[in-house]
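Here are my notes on the chain interfaces. Please read them with the structure open.

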There are 4 protein chains.
Amino acid sequence: MARVSDAHLEARRQSILAAATRVFAQKGIVAATMADIASEAGISPGAIYRYFPNKSDLARGCMNESNDSVRKAWANPETIEVSFSELAALTFSEINAPEERIDTQMFLERMLIAVREGDAGVVDEFRDEARRVAEGIAYLMEREFTTAGAGTDLKRLGLALFAFYWGSRLFRFIDPSSEPVELYGELETVLKQAFKQ
Amino acid sequence: MARVSDAHLEARRQSILAAATRVFAQKGIVAATMADIASEAGISPGAIYRYFPNKSDLARGCMNESNDSVRKAWANPETIEVSFSELAALTFSEINAPEERIDTQMFLERMLIAVREGDAGVVDEFRDEARRVAEGIAYLMEREFTTAGAGTDLKRLGLALFAFYWGSRLFRFIDPSSEPVELYGELETVLKQAFKQ
Amino acid sequence: MARVSDAHLEARRQSILAAATRVFAQKGIVAATMADIASEAGISPGAIYRYFPNKSDLARGCMNESNDSVRKAWANPETIEVSFSELAALTFSEINAPEERIDTQMFLERMLIAVREGDAGVVDEFRDEARRVAEGIAYLMEREFTTAGAGTDLKRLGLALFAFYWGSRLFRFIDPSSEPVELYGELETVLKQAFKQ
Amino acid sequence: MARVSDAHLEARRQSILAAATRVFAQKGIVAATMADIASEAGISPGAIYRYFPNKSDLARGCMNESNDSVRKAWANPETIEVSFSELAALTFSEINAPEERIDTQMFLERMLIAVREGDAGVVDEFRDEARRVAEGIAYLMEREFTTAGAGTDLKRLGLALFAFYWGSRLFRFIDPSSEPVELYGELETVLKQAFKQ
DNA sequence: TATGAATGAGGTTTCATTCAT
DNA sequence: CATGAATGAAACCTCATTCAT
């Protein structure tokens, strides 16, 4: 089965990643076994190791899989033609997507492990993203709410909103009947009341 | 061997629980070993099994241990003489306490496991607490911000603030340099701007 | 099965060591499995790990087991009342003992591994022993062959004789029909011819 | 695909053998992987199996590769114009050559395996070589030391010297700071003292 | 022929749990 | 009642070998 095309290799890599994500999501990273993942991916355990050096890296790979185009949008707001409210509405409605559940779980597991092991890299990465998103929020709010600057540190407010975002994801994760969009709606009302006029 | 008193038994049960909580918090539930816990509790591994049928039940016991008076205050606001702002300030500054870290971790682990296992009881419990806290927030906000009712569903806003609270804890958990009090301060500014006047 | 006497523990440790030595000798250190050793010792694989942290240390333990009273005698010749010839005769006849076979094998395996892994500790240990034995040989030869000093560096000759000793062990190991005593006898004749008179 | 010439096939076989020898020497037979060898030989793992049925046979092939002209000289002393002392000096100085290290290791591994598996063929081969070398030594000594016959069985002495030779190689293998030439020098002094005059 | 992806048995090690003392 | 030695079922990972391409 040699001399396989790169496309095939990449496809297999992705299928392993997908299978691993499913298994990790169902059993948790620690409880999931490589045999589980192999079986889910329809290959042998040994084959996984041609694509990922070990379970830990596979898990990391899964976690980075989050196709967070939305979060990237927040981090680079200049590049997009969208208002704060529009992007926020999109962001919070995305939380309801089923894939998001798995992502939330992977995120939590990853952080639990990182904190436990004192993995500064992961923490730094998180802090960086938080800062970038907060700056993006500030940028978009400034564009939307002209009076926003008065008495508020917009970047810090952005951080607070990002915290709220993760809290909403956590709530939705725990309780699927939770409605992030509604929660955000309430906060938006307050924001508009505070800034507009 | 003399029959040991029930009080003694209960005391030992509690000391095991306390030791387990410490160990679980430090190593995570899966990575913590019964030997670790026994050693931390100053007894033998076998002895634990006289008090808890297995590791899983021991972990469950630990997780219910959280006894945060502050969250109880939110759930029963009529019983206390404190303003929304004061209680909020207290609540967010409490997040900085070192014990809170352990609690956050146990909470996350608990939720991860509960969701994984589809443990409806834990989820219901969480939803109930969220509702009670949201109602408490609404009650206290109404008392503090007289104009708050205008155009806002205060209970829903309470839920949003509770989500923000958990997001802040999550942030602090991941990144110890995070400052929940500051984040909250920004949000409070917005709230006051929106409601006062 | 708790609260076992120290004697029992030590006995078990020794029985594991003995079993491991037998298995290592039969299969070689690398090919021998912990399951083999456990089975030979009549216990479970896990039990071994209460006595030895890992396979490598277990192997090391086996190798140090060699009850080399003879080699110790060479290293401390002042403490014993024996002539060079007598001790040499004893030494080379000991090579024929069946236990020596296993010891030779363990020694060779150990050295192969040590050299491969660049384990300086083992090499140093060997060099030290060689030096001590060589000095012992020099000491005993001086006592026996009064004219030995003439034109010969006795310590270096001691080293050469130690090399001869190991060569003889190697020969006997490879070919059980080899007769170390006879080989040594021939060398002794030469030595006596050279020194006596 | 054109039929590949036998010469090409044999050349490839040899290059695999050479690569395997290098890898085995560096990592040891058990620790060396077929992938290592393939990589060293610049081919694919699968290709090796066209030339050798399995790893074990490949290792066996490597071990027979030793082609030391010096030892052949000892075995056939009539064919060469060299004195005992000269050939001995050459022999022991050759031990210092880096290639010798690999050879020593392969020899030891081979013997370890042969003894383990009761491979009489290898043992017989070794015994034969030892005998031939011993006879060669006897032949050359007789030519050099006219009085050598007196009271000494020269063939047996040759065997002893061959044992010393292997001991020296073993020493040098374990401890690269060992000096076989010096060790031999001391022994030669003794021999000359015993025989000359 | 050569390739190298895939297999899958098997190795070491861990640890929840049991039970003789 | 407590102890802690022992069990033994997995888990992760490696690698000799096969075989589709």
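1. Start with a salt bridge between chains B and A. B:Arg156 pairs with A:Glu186, and their closest N and O atoms lie 4.0 Å apart. This is a predicted model. Across the interface of chain B and chain A there are seven salt bridges. Residue pairs in polar contact number twelve there, counting pairs with both residues at pLDDT 80 or more.

2. Which elements build the chain B side? Helix H1 (6–27), helix H7 (98–117), helix H8 (120–144), H9 and H10 of chain B each supply at least two residues of the side that touches chain A. H9(B) has the largest share, with 14 residues. By residue class, that side of chain B divides into 26 nonpolar, ten polar and ten charged.

3. Now the extent of this interface. In chain B, 46 residues are in contact with 47 residues of chain A. The two chains bury about 4,200 Å² between them, and carbon and sulfur atoms give 75% of that area. On the chain B side, B:Phe171, B:Ile174 and B:Glu186 lose the most area to chain A; together they make up 16% of what that side buries.

4. Look at B:Asp175. It sits in the loop between helix H9 (154–174) and helix H10 (180–195) of chain B. Is B:Asp175 buried or exposed? Its relative accessible area is 6%, under the 20% cut-off, so B:Asp175 counts as buried. Leaving out residues up to four places away in sequence, B:Asp175 touches A:Val123 and A:Arg127. With A:Arg127 there is a side-chain to side-chain polar contact at 2.9 Å.

5. Turn to chains D and C. The side chains of C:Arg127 and D:Asp175 meet in a salt bridge, 2.9 Å from N to O. Between chain D and chain C the count is eight salt bridges. There are also 14 residue pairs in polar contact, with both residues at pLDDT 80 or more. Helix H1 (6–27), helix H7 (98–117), helix H8 (120–144), helix H9 (154–174) and helix H10 (180–195) of chain D each give two or more residues to the side that touches chain C. H9(D) gives the most, 14 residues.

6. The area for this pair: chain D and chain C bury about 4,200 Å² between them, 75% of it from carbon and sulfur atoms.

7. Finally, two pairs without contact. Chain A and chain C do not touch, and their nearest C-alpha atoms are 21 Å apart. Chain A and chain D do not touch either; there the nearest C-alpha atoms are 10 Å apart.

How values were computed. Residues numbered from 1 in each chain as written. Chains lettered and ligands numbered in written order. Predicted model: local features only at pLDDT ≥ 70, side-chain atom pairs only at ≥ 80, totals over all residues. Heavy atoms only, no water. Buried area = accessible area lost by both parts, 1.4 Å probe. Polar contact = N/O pair within 3.5 Å; in protein donor to acceptor, adjacent residues only side chain to side chain. Helix = DSSP H or I, 4+ residues; strand = E, 2+ residues; numbered from the N terminus. Contact = heavy atoms within 4.5 Å. Buried < 20%, exposed > 50% of the residue type's maximum accessible area, 1.4 Å probe, protein only. Nonpolar A, V, L, I, M, F, W, Y, C, P; charged D, E, K, R; others polar.
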